[in-house]
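Please view the sequence and the model together while reading.

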Amino acid sequence: MHIGQVIRQMLHDQGRTVVWFSKEIRRSRQACHSMFKSSTIDTDLLKTICVVLNHDFFKDLSIEVGLKK
């Protein structure tokens, strides 16, 4: 799973803009675009993103590695 791409897709699916997202997670737009290109992410930042986008990315990652079904 490429977490940056997944987050970008979820943002798109929800009809949210990068400007909105960057304000919600308190990061610059440039930092958001860099994050979308990254396959890794800090867990504290991911926790914030889960709340902002109302989606459990940790569950997605658990399923990806076969911890949950």
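The model is predicted, so local features need pLDDT of at least 70 and side-chain atom pairs count only at pLDDT 80 or more, while totals for chains, interfaces and linings use all residues. Residues are numbered from 1 along each chain as its sequence is written, and side-chain values use heavy atoms, with hydrogens and water left out. Helices (H or I, at least four residues) are DSSP runs numbered from the N terminus.

**Helix H1 with helix H4**

- Helix H1 (residues 3–13) packs against helix H4 (residues 43–53) at an angle of about 20 degrees, and their axes are 11 Å apart. Axes are lines fitted to C-alpha atoms, for helices over the stretch in contact, and angles run from 0 to 180 degrees between N-to-C directions.
- H1 and H4 are therefore roughly parallel to each other; angles under 35 degrees count as roughly parallel, over 145 as roughly antiparallel, 65 to 115 as roughly perpendicular and the rest as oblique.
- The crossing of H1 past H4 is left-handed, a term used if the near helix is turned anticlockwise from the far one by less than a right angle.
- On the H1 side, Ile-3, Ile-7, Met-10 and Leu-11 meet Leu-46, Ile-49 and Leu-53 of H4. Contact means heavy atoms within 4.5 Å.
- The residues of this contact of H1 with H4 comprise seven nonpolar, no polar and no charged. Here Ala, Val, Leu, Ile, Met, Phe, Trp, Tyr, Cys and Pro count as nonpolar, Asp, Glu, Lys and Arg as charged, and the others, Gly among them, as polar.

**Helix H2 with helix H3**

- The axes of H2 and H3 cross at roughly 100 degrees and come within 9 Å.
- H2 and H3 are therefore roughly perpendicular to each other.
- H2 contributes Val-18, Val-19, Phe-21, Ser-22 and Ile-25 to the contact, and H3 contributes Arg-29, Cys-32, His-33, Met-35 and Phe-36.
- By class, the residues of the contact of H2 with H3 are seven nonpolar, two polar and one charged.

**Helix H4 with helix H5**

- H4 and helix H5 (residues 57–64) pack at an angle of about 115 degrees, and their axes are 9 Å apart.
- Thr-43, Leu-46, Lys-47, Ile-49, Cys-50 and Leu-53 of H4 meet Phe-57, Phe-58 and Leu-61 of H5.
- The residues in the contact of H4 with H5 are seven nonpolar, one polar and one charged.

**The largest nonpolar core**

- The largest nonpolar core has 16 residues, of which Ile-7, Phe-21, Ile-25, Met-35, Ile-49, Leu-53 and Phe-57 touch the most other members. A nonpolar core is a set of buried Ala, Val, Leu, Ile, Met, Phe, Trp, Tyr and Cys residues joined through side-chain atoms within 4.5 Å; buried means under 20% relative accessible area, exposed over 50% and partly exposed in between (1.4 Å probe, protein chains only).
- At least two residues of this core come from each of H1, helix H2 (18–25), helix H3 (29–37) and H4.
- H4 gives the most to this core, with six residues.
- Apart from neighbours within four places in sequence, Ile-49 is in contact with Ile-7, Phe-21, Ile-25, Met-35, Ile-41, Asn-54 and Phe-57.

**Selected helix residues**

- Phe-36 lies in helix H3 and is buried, with a relative accessible area of 2%. Beyond neighbours within four places in sequence, the contacts of Phe-36 include His-2, Gly-4, Ile-7, Leu-11 and Phe-21.
- Ser-34 is also found in helix H3 and counts as partly exposed at 44% relative accessibility. Ser-34 and Gly-4 are 30 residues apart in sequence and 8.5 Å apart in space, C-alpha to C-alpha.
- Ser-22, in helix H2, is buried at a relative accessible area of 6%. Not counting residues up to four places away in sequence, Ser-22 touches Arg-27, Ser-28, Arg-29 and Cys-32.
- Asp-44 is in helix H4 and is partly exposed, with a relative accessible area of 49%.

**Positive phi in two loops**

- Most residues other than glycine have a negative phi.
- Arg-26, in the loop between H2 and H3, has a positive phi of about 55 degrees although it is not a glycine. Arg-26 is exposed, with a relative accessible area of 76%.
- Asn-54, in the loop between H4 and H5, has a positive phi of about 50 degrees and is not a glycine. Asn-54 counts as exposed at 71% relative accessibility.
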